[in-house]
Amino acid sequence: MPGVSALAPAAAMGAVEKLVEKAGGCAVIDGGFATQLEALGADINDPLWSAACLISKPHLVKEVHMQYLEAGADVIISSSYQATIPGFLARGMSLEEAEGLLRTSVKLALEARDEFWKSALRQSKPVYNRALVAASIGSYGAYLADGSEYSGSYGADITTEKLKDFHRRRLQVLASAGPDLIAFEAIPNKMETQALVELLEEENIHVPSWICFSSVDGKHLCSGETFADCLQIINSSEKVAVVGVNCTPPQFIEGIIIEFKKQTKKAVAVYPNSGEVWDGIAKRWLPAECFGHMSFDALAKRWQEAGASLIGGCCRTTPSTIRAVSKIVKGKAGH
Ligand SMILES: [Zn+2]
């Protein structure tokens with residue numbers, strides 16, 4: 001059954017549908033995680049990127065989660081995007097240590113959520129919902145850190161089976177660490193989409209997933225393959241509750257939502273980047289190409305009207321972006 005109708009009884013609703021309903025039809029996702037870690041002084045110029053902080057600065061990881069919760073995020077995404085077992089092993093860690101760090105990423109997000117929720121209840125702040133914790137899983141390309149994250153070209157030797165093997169153990173470890181959701185982020189091609197859908201079945205993962213693609217032209221995945229082809233694969237899976245795009249320029253999002261709404265009944269999540277472009281060679285952000293005169297939050301209102309059920313931000317967005325998004329999509333002042 002793809003998706004659950006708006007009239008489904010509460011008992012039949014999944015965690016995401018319940019949250020979206022509680023949030024008034026549109027839930028807010030957090031913003032750029034690595035971006036905010038850097039803003040707090042962390043050095044993420046590392047093959048493990050933001051996941052390096054799991055080793056050196058776990059208190060900053062928790063602090064970033066707290067800041068996004070405070071800003072109004074209904075979903076926070078763990079710091080495991082670029083945390084991989086082979087990545088940690090290459091750092092000289094044991095398998096136990098590597099798996100422990102993956103679990104730590106979920107634990108830090110759960111602790112932040114629980115502490116924040118406790119204090120929101122104490123202060124009876126009705127603007128907040130109890131947030132969900134999504135365990136982040138980046139693509140194989142994010143692990144390679146060679147630019148293929150945004151090209152989707154994994155080379156002739158890569159097969160669906162190899163991609164499943166790459167993702168298998170991390171998925172098992174993260175799913176067993178107690179998150180509310182698994183968030184596959186910035187998936188750049190169809191082969192990886194197929195691998196993830198098959199893996200969720202094979203491993204019989206009970207935590208609901210979302211799969212978000214990245215796009216550089218607003219019409220295709222980074223690989224050039226169509227959203228329609230990938231959504232068809234995902235529609236057949238009951239394990240995937242949400243589909244969407246992240247780390248994609250904001251000017252493409254409205255068109256993408258319209259396309260997705262034609263192709264799927266699943267809830268649609270969008271959390272674009274700021275529109276700045278990552279130059280992987282020079283390792284710096286280039287200024288945003290013009291996306292009209294609209295601010296990120298004004299665009300978010302249009303994404304909501306176009307049918308997105310979850311809206312947030314990705315790289316180069318910050319807690320103030322999320323505060324503004326939360327205000328505009330929930331129509332509530334006061335964060
Ligand atoms: Zn991003």
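# A guided tour of the model

Start with the largest pocket, which has a volume of about 620 Å³. Select Trp49, Gln82, Glu149, Trp278 and Lys283: of the 22 lining residues, these are the closest to the pocket's centre. The model is predicted, so local features need pLDDT of at least 70, side-chain atom pairs count only at pLDDT 80 or more, and totals for chains, interfaces and linings use all residues. Residues are numbered from 1 along each chain as its sequence is written, and side-chain values use heavy atoms, with hydrogens and water left out.

A word on terms. Pockets and cavities are found on a 1 Å grid over the protein atoms alone. A pocket is an open set of points with protein on both sides within 12 Å along at least five of seven lines. A cavity is a set of points where a 1.4 Å probe fits but cannot get out. Lining residues have an atom within 4 Å of a point. Grid points are joined across faces, edges and corners, and a volume is the space filled by probe spheres set on the points.

**Stop 1**

Which helix gives the largest share of its lining? Select residues 33-39: this is helix α2, and it supplies three residues. Helices (H or I, at least four residues) and strands (E, at least two) are DSSP runs, numbered from the N terminus. Now colour the lining by class. There are ten nonpolar, five polar and seven charged residues. Here Ala, Val, Leu, Ile, Met, Phe, Trp, Tyr, Cys and Pro count as nonpolar, Asp, Glu, Lys and Arg as charged, and the others, Gly among them, as polar.

**Stop 2: the cavity**

How many cavities of 30 Å³ or more are there? The count is one. The largest cavity has a volume of about 220 Å³. Select Phe33, Trp49, Tyr81, Glu185 and Cys314, the closest to its centre of the 22 residues that line it. Helix α2 gives the most to this lining, with three residues. Strand β4 (181-187) also supplies at least two. By class, the cavity lining has eleven nonpolar, nine polar and two charged residues.

**Stop 3: along β4**

Select Ile182, in strand β4. Is Ile182 buried or exposed? Ile182 is buried, with a relative accessible area of 0%. Buried means under 20% relative accessible area, exposed over 50%, and partly exposed in between (1.4 Å probe, protein chains only). Now show the contacts of Ile182, leaving aside neighbours within four places in sequence: they include Ala135, Ile137, Leu171 and Trp210. Contact means heavy atoms within 4.5 Å.

**Stop 4: Leu89**

Jump to helix α5 (residues 85-90) and pick Leu89. Leu89 is partly exposed, with a relative accessible area of 38%. Not counting residues up to four places away in sequence, Leu89 touches Ser94 and Leu95. Leu89 and Ile76 are 13 residues apart in sequence and 27 Å apart in space, C-alpha to C-alpha.

**Stop 5: two helices with a buried face**

Select helix α11 (residues 253-263). Its buried residues are Ile253, Ile256, Ile257 and Phe260. Look down the axis of α11: these buried residues fall within an arc of 100°, so they line one face of the helix. The arc is that of the directions from the helix axis to the C-beta atoms. Among the elements that cover them are β5 (209-213), α10 (227-235), β7 (267-271) and α12 (296-305).

Move to α10. Here Phe227, Cys230, Leu231, Ile233 and Ile234 are buried. Viewed down the axis of α10, they fall within an arc of 155°, so they too line one face of the helix. Their cover includes α9 (190-202), β5, β6 and α11.

**Stop 6: cysteines and positive phi**

Select Cys247, in the loop between β6 and α11. Cys247 has a positive phi of about 50° although it is not a glycine. At 5% relative accessibility, Cys247 counts as buried.

Then select Arg316, in the loop between β10 (310-311) and α13 (319-330). Its phi is near 75°, a positive value in a residue other than glycine. Arg316 counts as partly exposed, at 32% relative accessibility.

Finish with Cys314 and Cys315. Cys314 counts as buried at 10% relative accessibility, and Cys315 counts as buried at 7%. How many disulfides does the structure hold? The number is zero, where a disulfide is a pair of cysteine sulfur atoms within 2.5 Å.
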